[in-house]
Amino acid sequence: MLSRPEYRKALVFCGLIGIPVSLIAFWFLVAIQQLEELIWTDWPRDLGYDPAPWWWAFPPLLVAGVAVGLIVTRLPGRGGHVPAGGLHPGGMTKNGLPGVVLAALSGLPLGVVLGPEAPLIGLGGGLALLFASLVRAPQTDASRGLLGAAGAAAAISALLGNPLVGAVLLMEVAGVGGPQLFLVMLPVLLSSGIGDLVFTGFGSWTGLHTGSLQLELPRAPTLDVGDVLWSLLLAPTLALLIHVVFVGGRFTARFVSSWTLRNTALCGLGTGGCIALYTVATGRAPSDVALSGQATLSTLAQDPHAWSVGALVGVLAFKSLAYSLCLGSMRGGPVFPSLFLGGAAGALLAPLPGFGLVPAMAAGMAASLTAALRLPVSSVILVVVLLGNVDTVAVVVLASVVSFVLTQLLPQGPRLPSPGELPPGRAPRGAASRP
């Protein structure tokens with residue numbers, strides 16, 4: 001393959017487009033973060049509220065619902081794919097690029113409980129195809145797929161901060177290797193996790209050691225039997241919770257498809273209601289439930305004792321419900337809300353006898369992210385990179401595999417509606433109709 005001139009040209013072009021794509025992705029993320037701080041921190045403080053009052057979420061989420069509904073029904077590409085279907089690597093066109101960007105900017109900063117990763121994948125793929133058309137590069141189905149994947153990987157790496165995670169995520173999302181990949185990858189991943197656990201046990205519990213490639217880095221408390229057993233109980237519980245959330249998202253998508261604009265606005269108000277109920281019940285800031293949870297997860301990990309048991313239970317309940325509503329009605333990605341729910345569940349259960357905070361949050365995040373994405377390898381790598389703790393890899397792998405197997409065996413709920421199933425006169429412009 002490397003000896004073919006067309007492949008070498010495509011490789012060089014993919015490297016070149018990574019520069020503008022990553023720069024645009026960077027400023028896209030900066031815009032979202034700045035708008036989030038403006039709406040949820042600066043404006044309430046300027047009006048004399050610190051934190052924001054319980055009713056604060058209703059106006060922005062109503063605006064988000066109306067704006068996203070209009071984008072879905074009026075612009076080509078429907079603003080991107082429905083997030084209840086997981087992450088999708090392809091299907092992006094340069095004509096759908098404005099809708100993806102506008103839907104993300106109209107929803108995510110206003111409190112939609114989704115992350116920016118799916119819009120970034122669409123943004124990167126669409127920009128790569130746009131640049132290819134501007135330079136009049138010859139395009140075939142294979143080249144378009146290659147360019148789209150390369151652009152998406154460049155954009156998603158700007159968010160995840162690690163090119164390895166971005167590359168593995170895009171490979172796993174795209175299904176490189178087909179179904180056989182999972183048949184081989186899952187048992188290999190499980191065996192590796194168990195092998196690591198066995199060597200960890202014999203190394204720390206018996207005092208005997210073997211040669212290892214592991215660098216001598218500052219270590220967290222070593223895993224013990226309690227960490228492993230509690231993680232094996234936490235993983236299926238969280239997998240079931242996230243699975244129910246996604247099934248609810250699919251039902252929400254069916255509800256929205258019957259009248260897109262009106263029902264998307266209603267889902268926005270419903271999300272605002274979840275945020276308001278949490279704020280009234282706990283007295284905490286509404287941003288705990290609103291938004292993707294990326295920033296809140298960081299503060300939770302740094303100071304979990306600032307959260308009472310009631311606050312953790314409340315955020316799990318209300319953010320799960322808001323997440324389900326947004327999965328079926330808004331546009332965004334499923335990664336960070338699921339990571340937050342897993343981390344919050346780990347922090348809640350960490351005081352159990354023999355369970356530590358770091359392994360509890362690690363196992364919870366791995367189980368919930370795997371249940372959301374159905375991508376066990378990417379989930380393991382992302383959680384390990386986020387935590388920066390190699391000593392929890394064993395429970396991360398075990399939790400991910402248990403979660404993946406369980407969610408694959410559970411009923412998947414209703415299928416997502418296609419554009420052709422929308423009522424007459426409500427199909428988005430540019431969408432193909434089906435007889």
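I began with Pro53, which I found in the loop between α1 (5–46) and α2 (58–74); helices here are DSSP runs of H or I with at least four residues, numbered from the N terminus. The model is a predicted one, in which local features need pLDDT of at least 70 and side-chain atom pairs count only at pLDDT 80 or more, while totals for chains, interfaces and linings use all residues. I kept to numbering from 1 along each chain as its sequence is written, and to side-chain values that use heavy atoms, with hydrogens and water left out.

I noted Pro53 as buried, because its relative accessibility is 12% (buried is under 20% relative accessible area, exposed is over 50% and partly exposed lies in between, with a 1.4 Å probe and protein chains only).

Next I turned to helix α9 (residues 260–282), whose 23 residues reach 33 Å from first C-alpha to last, close to the 33 Å expected at 1.5 Å a residue (the expected span is 1.5 Å times one less than the number of residues). After α9 comes Gly283, with a positive phi near 75°.

In helix α8 (residues 225–258) I looked up Asp227, which counts as buried because its relative accessibility is 4%. Its side chain reaches the backbone nitrogen of Gly356 at 3.0 Å. Beyond its neighbours within four places in sequence, Asp227 is in contact (heavy atoms within 4.5 Å) with Thr222, Gly354, Phe355, Gly356, Pro359 and Val395.

I then listed the aromatic pairs, of which the structure holds six; rings of Phe, Tyr and Trp (its six-membered ring) pair if their centres lie within 6.5 Å, and planes under 30 degrees apart count as stacked, over 60 as edge-to-face and the rest as tilted. Phe26 and Trp27 are edge-to-face, because their ring centres are 5.1 Å apart with the planes at 80°; Phe26 is partly exposed at 45% relative accessibility, whereas Trp27 is exposed at 56%. Tyr49 and Trp55 are also an edge-to-face pair, at 5.9 Å centre to centre and 90° between the planes, and ring pairs link Tyr49, Trp55 and Trp56 into a cluster.

Last, I looked for charges over rings (NZ of Lys or CZ of Arg within 6 Å of the ring centre and within 35 degrees of the ring normal). The charged end of Arg284 sits over the ring of Trp307, 3.9 Å from its centre, and that of Lys319 sits over the ring of Phe340, 5.2 Å from its centre.

How values were computed: Helix = DSSP H or I, 4+ residues; strand = E, 2+ residues; numbered from the N terminus. Polar contact = N/O pair within 3.5 Å; in protein donor to acceptor, adjacent residues only side chain to side chain.
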